[in-house]
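This report covers selected backbone features, a domain contact and helix packing. The sequence and structure come first.

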Amino acid sequence: MVKTNPKAVLTGTHKLNGGQACAEGALAAGCRFLSAYPISPSIGVIKRYTERAKDVDAVFIQMEDEISVLSAVLGASWAGKRAMTVTSGPGLSLMMEHLGLGVMLETPCVIVDFQRRGPSEGIPNAPSSGDIMQARWGSHGDYEIIAFCPNSAQEMFSLTIDAFNMSEKYRTPVLVLSDEFLAKKVEQVIIPKASEIEFIPRKHFTGAKNKYLPFDFDKDLVPPMVNAGEGYKFHITGLTHDKRGYPVMNEQTQEWNVHRLVRKIRNEVDNITKVEENQIADADIAILSYGSLSRTANKVVEKVRKEGKKVGNLRLITVWPFPDKRIRELSKKIKTFIVPEMNYGQVYLEVQRCNYGNAEIKFIEYKNKDLQNPEPIVDVIKDLAK
Amino acid sequence: MKEIKHPMDFYLRMDRIPHIWCPGCGIGLVASAFVAAMEKAKLDEEKVSVVSGIGCTGRFAGYIKLDSFHTTHGRAIPFATGLKLANPELKVVVVSGDGDLVSIGGNHLIHAARRNIDMTVVCVNNFIYAMTGGQVAPTTPLTAYTTTSPYGNFEPPSNIPQIVEAAGAVYVARWTALHIRRLTNSIYEALNKPGFSFVEVISPCAQYYSRINRLGDGLDMMKFYHENSVIKHGESTDNLHIDYQKEIIVGKFVDRERPTYIESYKKWLGK
């Protein structure tokens with residue numbers, strides 16, 4: 001079992017950048033297949049992973065583009081490997097085709113996106129959170145997605161592991177939405193003992209070889225999986241399909257197949273979504289933050305609390321599925337949400353949706369140079385007090 | 001009464017028959033040749049994966065009773081690459097059409113051949129996008145009519161064997177759907193060849209290609225292949241261009257050795 005390979009888990013305290021920490025997280029999670037196409041600022045992961053590949057019998061292949069990258073990742077996952085890719089905005093755009101196939105074939109895999117300024121080539125060496133909505137809606141058709149937003153090198157390690165576990169548990173692609181700042185930020189990373197790392201195995205079908213139906217799901221709406229080469233001789237297709245995996249293109253099967261894919265995530269929203277609350281209990285003003293900017297938001301809370309202002313920070317650890325319920329509850333208790341983002345308003349719109357007109361919502365567009373500067377948020381808080 | 005099964009049924013998903021292919025189509029013949037080659041090759045069929053893209057030939061995987069994957073348009077080769085690298089014990093076969101492999105998937109075709117990934121690619125070339133109603137393809141011969149070249153095609157077509165040889169394929173052959181025995185043998189050889197092996201099959205599309213060009217039905221196309229195909233083993237792939245209703249050179253053109261991707265990868269790992 002991959003988990004027991006001691007070389008895969010470098011237990012101890014390290015100084016790593018976010019990219020390196022992500023690679024270590026992937027290896028610790030049992031990921032043994034990485035495919036990627038060179039793109040700034042994702043190279044740190046690839047470099048670390050390829051250096052470590054020999055130690056743990058992992059496979060890396062640099063494909064010809066990001067389209068083939070995710071296709072190869074899906075193939076590797078069906079051959080039984082935990083598989084991932086890393087990229088940035090322009091690459092994520094090319095991956096949308098196979099994000100859809102991954103959802104449709106219910107293929108566990110992890111996509112790490114180091115967000116940079118866009119659209120198009122944008123600014124490769126500047127952090128952003130401009131891919132939040134693409135992660136959710138980028139591929140065509142209806143689907144649900146799981147996406148994590150780490151805010152430190154430590155979380156690049158731990159949330160990459162969580163991403164693998166969620167992707168295996170729900171049989172769906174999972175995204176880690178990082179950014180250019182975290183890719184390069186060197187910080188202390190504590191890697192626990194292998195035995196302390198959670199490992200959710202793939203739900204594996206063990207019945208008779210002629211009895212396997214690829215999409216015959218259990219109560220949790222997740223069907224057990226088999227690997228290519230195990231003798232089940234299964235068929236799967238990206239077309240709307242029945243439980244045998246055969247294409248059946250009618251409204252009934254669409255409902256049975258695709259609506260279930262949506263429901264298998266929606267039914268589990270409370271178990272998937274994770275938020276971190278910093279002094280929210282008595283707050284009048286809640287900063288709603290995620291990713292790198294949540295660090296700045298915590299600094300703001302620390303600063304303004306000293307001045308007696310009741311401000312807290314609600315940080316999204318998973319941005320998808322969105323924690324609708326918590327935000328709705330909170331909107332009834334507080335006066336103002338402040339939503340700082342490194343884009344022109346993406347999560348802001350989601351907060352509006354969940355707010356039901358209850359609280360006032362202030363959006364702050366954060367520029368790269370201000371990423372670690374609390375002042376833009378502090379200024380808004382001061383204005384609110386006037 | 002005892003049910004009698006055809007020996008080919010072993011490799012076919014009989015619960016999916018009847019298939020979707022039109023009368024006169026050549027893809028079914030390729031399926032028979034593939035199954036016959038599988039039988040001859042005596043591979044461990046539990047370790048064989050068939051991957052297809054999208055289109056008429058894209059449906060191939062769906063009728064073959066092996067681990068079979070119907071993926072996205074043009075991306076069967078990268079999907080198969082992932083399967084093979086994640087589990088080198090697998091034998092991976094890609095069966096797809098000309099539009100899928102050479103147009104939208106052209107980049108993947110070139111790079112898989114360059115890397116010499118262990119896989120067999122069977123490309124069914126019917127000169128047209130048939131599933132969507134007969135549009136011009138990168139393989140449509142000059143002057144041929146299609147629904148999107150109503151005044152005759154003026155784009156020079158791809159010479160697929162030349163492309164894959166130049167990219168690095170170790171085995172390249174071409175037959176028509178008429179040459180069922182030779183095609184079977186080529187697929188058999190390709191399955192046994194380490195590295196990237198490629199077999200092109202010129203195949204009739206009676207529904208679109210031959211109808212719009214008034215070339216008759218599937219049988220007429222077969223007669224045309226019979227009268228106009230010339231076997232030239234070892235012919236330079238530079239000479240394999242296909243002109244409209246002119247001779248079609250078939251045969252085995254390339255059979256050479258190069259280190260496969262996995263061999264090289266293991267060497268790099270020191271294993």
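In which segment of chain B is B:Pro18 placed? B:Pro18 sits in the segment before helix H1 (27-41) of chain B. Helices (H or I, at least four residues) and strands (E, at least two) are DSSP runs, numbered from the N terminus.

This is a predicted model, in which local features need pLDDT of at least 70 and side-chain atom pairs count only at pLDDT 80 or more, while totals for chains, interfaces and linings use all residues. Residues are numbered from 1 along each chain as its sequence is written, and chains are lettered from A and ligands numbered from 1 in the order in which they are written.

**Backbone features**

B:Pro18 is joined to B:Ile17 by a cis peptide bond with omega about 10°. In chain A, the peptide bond from A:Gly118 to A:Pro119 is cis, with omega near 0°. A:Pro119 belongs to the loop between strand E5 (109-117) and strand E6 (123-127) of chain A.

B:Arg214 is in the loop between helix H7 (209-212) and helix H8 (218-228) of chain B.

Burial is judged from C-beta atoms placed from the backbone: a residue is buried if 20 or more others lie within 10 Å of its own, exposed if 12 or fewer, and partly exposed in between. B:Thr143 is partly exposed because 14 other C-beta atoms lie within 10 Å. B:Arg214, with 8 other C-beta atoms within 10 Å, is therefore exposed.

**Domains of chain A**

Chain A is assigned domain 1 (2-196) and domain 2 (276-385), with bounds that come from an automatic or database domain assignment. Taken over C-alpha atoms, the centres of these two domains of chain A are 27 Å apart. Their contact takes 20 residues from domain 1 of chain A and 18 residues from domain 2 of chain A; two residues are in contact if their C-beta atoms, placed from the backbone, lie within 7 Å.

On the domain 1 side, the elements that give two or more residues are E6, helix H5 (132-137), strand E7 (146-148), strand E8 (173-179) and helix H7 (180-184) of chain A. H5(A) gives the most to this side, with four residues. The residues of the domain 1 side divide into 13 nonpolar, four polar and three charged. Here Ala, Val, Leu, Ile, Met, Phe, Trp, Tyr, Cys and Pro count as nonpolar, Asp, Glu, Lys and Arg as charged, and the others, Gly among them, as polar.

**Helix pairs of chain A**

Two packed helices are described by the angle between their axes and the distance between the axes. Axes are lines fitted to C-alpha atoms, for helices over the stretch in contact, and angles run from 0 to 180 degrees between N-to-C directions.

| Helix pair | Axis distance | Angle |
|---|---|---|
| H1(A) (18-28) and H2(A) (43-56) | within 7 Å | roughly 35° |
| H11(A) (324-333) and H12(A) (347-355) | 8 Å | about 65° |

In the contact of H1(A) with H2(A), the residues of H1(A) include A:Cys22 and A:Ala26, and those of H2(A) include A:Tyr49 and A:Arg52. This contact divides into seven nonpolar, three polar and two charged residues.

A:Asp324, A:Ile327, A:Arg328 and A:Ser331 of H11(A) meet A:Val351, A:Cys354 and A:Asn355 of H12(A). The residues of that contact are three nonpolar, two polar and two charged.
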